[in-house]
Amino acid sequence: MKKIIYSLFLLSIISSCEVIEGPYMTGNGGGVDTNSNQYVKNILIEDFTGHLCQNCPDAARELEAIHDLYGSQIIGLALHVGSTFARPYPLSQPKFTYDFRTKWGEELDGFFNISDAGLPKGMINRIDYPGDHRKNKGQWLASVQQELDKEVVFGLNINSSFDGNNSIIDISTDALKDISGDYKLVVCLTENEITNWQKDGVIEDENYIHNHVLRSLITSAWGDDVSLSTNISNGENYTHNYSVNLADLENFNIDYSNNTLFQGNGESGGWNQNNISILAYIYDNSNYEILQVEYASLATN
Amino acid sequence: MKNISLGFILFFLSINIFAQNNGEIHGDFDLNMQSYIEDATINAVAADEVIRNNSFLNIIFTKNNFSAGLRYESYLNALLDYDDDFKGNGIPYRFATYSIEGLEVTAGNFYEQFGSGLIFRSYEEKGLGIDNAMDGIRLKYKLLKGISLKTFIGKSRTYFTYANGIFRGIDGEIDLNETLKLQSKTRYIFGGSFISRYQQRNNPVFELPQNVGLYAGRLNIINGGWNYYGEYAYKINDPVNSIQEDAVNYASGNAFTSSLTFSKRGFGITGEIHRADNMLLLSDRDRIGKAYIMNYIPTLSKPHAYTLLALYPCATQAMGELGVQLDIFYKIKKGSLLGGKYGTKLNLNFSRINGLKGGTSILNDNVNFTPEILSFNEELYYSDINLEVNKKVNKRIRYNFVIANQTYNKDFLEGKTPGEYGVINSTIGVLDLSYKIKKGHTLRMEVQTLIAKQLETASKKEEGDWVMALAEYTISPNWFFTIQDMYNYGNDDESKRLHYININFGFLKGANRFSIGYGKKREGIFCVGGVCKLVPSSNGLNLNITSSF
C-alpha cells in the first residue's frame, strides 16, 4: 500500500512541468478599462531610480511597456533618490554631474525606506504598505492588474493656465461614492524628455531620455486635505487652487542640492517648461494607498 | 503563523508533561548585539536605535523515534548587515518528525538539499542572513536495502513570511553494491532528483509556465583511494514575468559539476570542473535577491579564513560561469630534512573561473543563443593560486604560512560599469604563529600583507595595499583577548590610509560563551561557499553570547 501511495505521489510530481514553445508573445493585452463611467481607475507607478543604477533603465522600460499595454490608465513618476545611485559626480567630472534629486523625493524615500533596500524598486499605488510595498519590477505587472480591478472612488480633473513663468493650477475632485476617512491630495510637477547621462547595464549612455522625472511638489509630500469633513458623499466636488512660479521652484531645487543634499552640486536646473506636467493624486491617509491619479501637461493644458 | 506557533508550544508543553521521564529537551541560544556610531572617515552610519540585536533560541524535544522543535528568532532591529525585512520577533521555525519501519514523516519546517544542491537547496546560514527553510510535509522512505527515497511539498521561507512558489520535490538514491549485494571493490551510488515550482501567472502578453521543472542525475564511484563525483542538472524554461520582449527569456538552464579525487596517507589530489548556464532558481520569479534563491552551485575556489586572503572573495555565478580547480595536499614525513620532528603539511590550490562565451543562453521570438560548452579563454572572473605550509616546529611553536596570488574582476563581480575599477591582482602573504608560553597560556600572532595592482586603466582607484597584524592571548579554558589592526597604507587617497583596529575579549565557561569587542569594520564582501553579501562599514561595540543545554 505504501508503495502504491508513493508511486502516485511520484507520478503526480513528475507531471508538473510545462515547456513552452514559441511564438512566445501570444497576446497584446488589451486590458484598457471600457466601462461607461466618466472616470477610470488610474494607477501610479512610482519608480525609485538613480542615474548611477545600472539596472534601473530596465525598470523604466518595464514601466513604459506596462503603459503601452494599458494606455493612459498607467501614470509613471521617476524619483531619483539616495546617496548611492542618485548622487551626482563633482562638477569637475565630465559625466553624471546632474542632480536629479529633490527634497520631496528624499523625504518619500526615507519614509517608505526604499533605496536602503536597493534600487530599482517601485510602488504601485503604494499598496501593501508597510512590508511589501517596495516592489521589484517583476512584481509591477501583477500589482497593476490587481489595482485595475478595484473600483473608482474619486475622479480628478486638472486645469491650469500658464504664462511662461507663473501658473494657476486647479484640481477638481469628484467623489464617486459615499465614503469616510482621511484623504489627501498631492500635486507635483514632473518633466519629460530630459536627455542626460544614465548607466544602463554595462553602457554609460550620454543620450538617455529620462521621462516623468519628479521636479517639485506643490503641496507638501503628505498633501492637503481633500475635504474638511471625514464623511464624503457621492457626487460632492472639491476644488483646490495653487499658484506656482516655475523659476522659484527651479531655484529651490538648485539651492537644496547645493546646501542640503549629500554631495549635492547645485546642478539641478535647466528645466524645459514645455515638457513639464502636472501630476495629482489622492491617497488614503490610513494606509497611504493611492486611490486616484491624474496627469496633464502644464504648458498646453 | 502565530496561531500555528502557539499550537506547537502547547503541544510541546503537553508532551513534556507526559513524557518527563524518558524524553529529552535540548537547545541552544545565540545573541549578537552591536552598537553603531557615525564615523565619516569610513562612511559608517549611526543607527537610530543606537544598538541593534539578532538573537535566536532553538529548542528540540526528542523521545525515541519522535522529535519536535522550534526556533524563536528576534531582530530588534536586525544588525545592519542583515536585510531589514528581518524585523520583529517570531517563531518562524517549528517542526515535528517521527520515523517508523523505514518511513520518516516531517510536518512543519525542514531543510533539504538534493545532490550537491544544483537544483534545490533549502538551508540556513546565519553569517549571510540566509534562511530559506521549507514549510510543508516531507517523507523519507527506505524502499529496499540501499535504495532510499525522499519527497516533499512546501513553501520556502523569506524573512518572516513565505514566498509565492510552491515546491514539490523527489529524490532517489541507490547504492548498487548494497542493493545487488555486489562483492566488488568499486562502489557505485546513483541518484536522481526532480523539483517543480508552481506559481500562478497571468501575463497578458507572454505565455508563462506555471509549473517549472528541474531535474538532476548524479553518480558517485568509489574505489580505494579514488573517488569520482559527477552531477548534471537541467531546468526547463523559467522566464521572468515581464511584458518587455527583451526581458523575457525562455532558454532552459543547465549545470554540471565533476570531480575526481585520489588520496592516500599523507597525499591527496582533487581535480574539479563545473559550469552553470542560466541556472538560477527563485522561490518567486517576480523577485530578486538572495533571500529567494533556492538552488546552489558549489563554489570552486578555496574558502579562505584569513582576512586579507578573503578580502576579494569569489561569488559563484549561477547565470553563467565555467571553472576549474586543482587541489594538492602533501605531508612531508616526520624525521626528513624538511619534515622535521613533526612533519610538514603542504597544500597547493589553484582555481580559475571565467564567463561563458557570449554570455548566458537566451531564447525568445527574436534571439536564440546558446554559448559553447567548454571555452576557457573568456572574460576572467576570478583566479587564485595559493600555497599553504602548516608546521609544528616543537612543543611550543607551530605556524601556518600562506602565499597567494589572486585575480579579481571587480567590475563584473560587484556589478560595476566595465572600466570603473577593472581587474585587481593581489599578492598576499600570511604568517600565523602560535607560541605556547606555558600550560594553558598561548599567544597567537598573525601578520598579513596584501599588495594590489589594478591590471588595466580604470576610472576609479581601488584601495591598494594592506597590512594586518593580530595578537591573541588565550588562557584556556576560560579567557581570550585579541587585538588586531588592518591598515590600508597603500591607498592612493591619503585621507583613506586608515587603521581599522578591533579589540575583543571573551570568557568561556562550560556551555556558555561571552565575548565583547570594539572596533571599526571596513565595508566589504563576505562570502560563505560562494554565496556573498555586502557588509556595510561600521564602528561600534559588539556583544556576543552563545549557550547550549
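I began with α4 of chain A, where Lys137(A), Gln139(A), Trp140(A), Leu141(A), Ser143(A), Val144(A) and Glu147(A) come out buried. I keep in mind that this is a predicted model. I then checked what lies over those residues: the cover of the buried residues of α4(A) includes β1, α2 (56-70), β2 and β3 of chain A. I also checked the length of α4(A): its 12 residues, 137-148, should span 16 Å at 1.5 Å a residue, and the end C-alpha atoms are 17 Å apart, which agrees.

Next I went to α3(A), residues 103-112. There I found Trp104(A), Gly105(A), Glu106(A), Leu108(A), Asp109(A) and Phe112(A) buried. Their cover includes β1 (43-49), β2 (74-80), β3 (121-124) and β10 (213-217) of chain A.

Last came α5(A), residues 246-259. I get 20 Å from the first C-alpha to the last for its 14 residues, close to the 20 Å expected at 1.5 Å a residue. Which residues of α5(A) are buried? I have Leu246(A), Asn253(A) and Ser257(A). Looking down the axis of α5(A), I see these buried residues fall within an arc of 30°, so they line one face of the helix. The buried residues of α5(A) pack against β5 (166-175), β10 and β13 (237-245) of chain A. On the face turned away from that buried side I noted Asp248(A) and Asn259(A), both exposed.

How values were computed:
Residues numbered from 1 in each chain as written. Chains lettered and ligands numbered in written order. Predicted model: local features only at pLDDT ≥ 70, side-chain atom pairs only at ≥ 80, totals over all residues. Buried ≥ 20, exposed ≤ 12 C-beta atoms within 10 Å, placed from the backbone. Helix = DSSP H or I, 4+ residues; strand = E, 2+ residues; numbered from the N terminus. Contact = placed C-beta atoms within 7 Å. Expected span 1.5 Å × (residues − 1). Arc of directions from axis to C-beta.
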